[in-house]
Amino acid sequence: MGKDMQSVPVWDRSVRLFHWINVLCFLVLVALGTALLNAKALGVPSEGKILLKQWHVWAGYVLLANLSWRILWGFIGSPTSRWKNILPFTRGFVTQLKADIAARRIGKPPVYAGHNPLARLMVTALFGLLIVQVSSGLILAATDLYQGPLGGWVASSVAAEGVDPGSLKPYDKTGVDADSYDAMRALRGPVIETHEWIFFILLGLVGVHIAAVVLAEIKEGGGLVSAMISGKKALSEEPVDKF
């Protein structure tokens, strides 16, 4: 590190673990989701689809637990991890955003220890979409596999009179009330459509996020990538955000 550079602690261990667990979950979920979307073209039988969906659900549970912890940590964690320093709803944010964009246009972007205003918008979008995606995933797990916290309720609502809801099996209409089952599947339709659309939107946003990090690393330095490993940024000047 050059003599004019200073090492600034930024991301605590909890934030770094959340980030990399999230990356791993996202990659696994994308791979499984892509396989499910193309199951027919890949020749995956019904039993194989059920297995893929079960793996998808389990990976989703890990993502849910990780996301839940990060939401809590945003209230009790280190200053840079707090929601007040991440979400773009604080007083003066719009002014900061305009100033940041103007400075970037002339090639003199301000130095931030935490998230700059544009990054705060991206993080907010990603968190919001992930929350909706996980929520819709829980509904799909219940209505497709009778799994998750809503699975028992869905099974009970579609089971025919006198049939044990726990005996119902995915992709098998044995023991279900036809009208209740059709009504449940009709309600499921908009949810799966939302889940699929957000899947593609998340893919696009993650691509933009990665490209922005690489571009910022090249143009501005600071060690954005290494900071998510070491927890420290290498800054050439005093950051404008104080913690």
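**Salt bridges in the model**

A: Asp100 counts as buried, at 1% relative accessibility. Keep in mind that this is a predicted model.

Q: Which residue does Asp100 form a salt bridge with?
A: Its partner is Arg104, and the closest N and O atoms are 2.7 Å apart. Both sit in helix α4 (residues 93–105), four residues apart, so about one helical turn separates Asp100 and Arg104.

Q: What does Lys53 pair with?
A: Lys53 forms a salt bridge with Asp144, with 2.3 Å between the closest N and O atoms. Lys53 lies in helix α3 (residues 46–76) and Asp144 in helix α5 (residues 117–145), so the pair ties together parts 91 residues apart in sequence.

Q: Are those two buried or exposed?
A: Lys53 counts as buried at 16% relative accessibility, and Asp144 is buried too, with a relative accessible area of 5%.

Q: Where is Arg185, the other partner of Asp144?
A: Arg185 is in helix α7 (residues 178–220), 41 residues from Asp144, so to speak a link between distant parts of the chain. The closest N and O atoms of that salt bridge are 3.1 Å apart. Arg185 is partly exposed, with a relative accessible area of 29%.

Q: Which residues end up in one network?
A: Lys53, Asp144, Arg185 and Arg188, joined by salt bridges that share partners.

Terms used. Residues are numbered from 1 along each chain as its sequence is written. This is a predicted model: local features need pLDDT of at least 70, side-chain atom pairs count only at pLDDT 80 or more; totals for chains, interfaces and linings use all residues. Side-chain values use heavy atoms; hydrogens and water are left out. A salt bridge is a side-chain nitrogen of Lys or Arg within 4 Å of a carboxyl oxygen of Asp or Glu. Helices (H or I, at least four residues) and strands (E, at least two) are DSSP runs, numbered from the N terminus. Buried means under 20% relative accessible area, exposed over 50%, partly exposed in between (1.4 Å probe, protein chains only).
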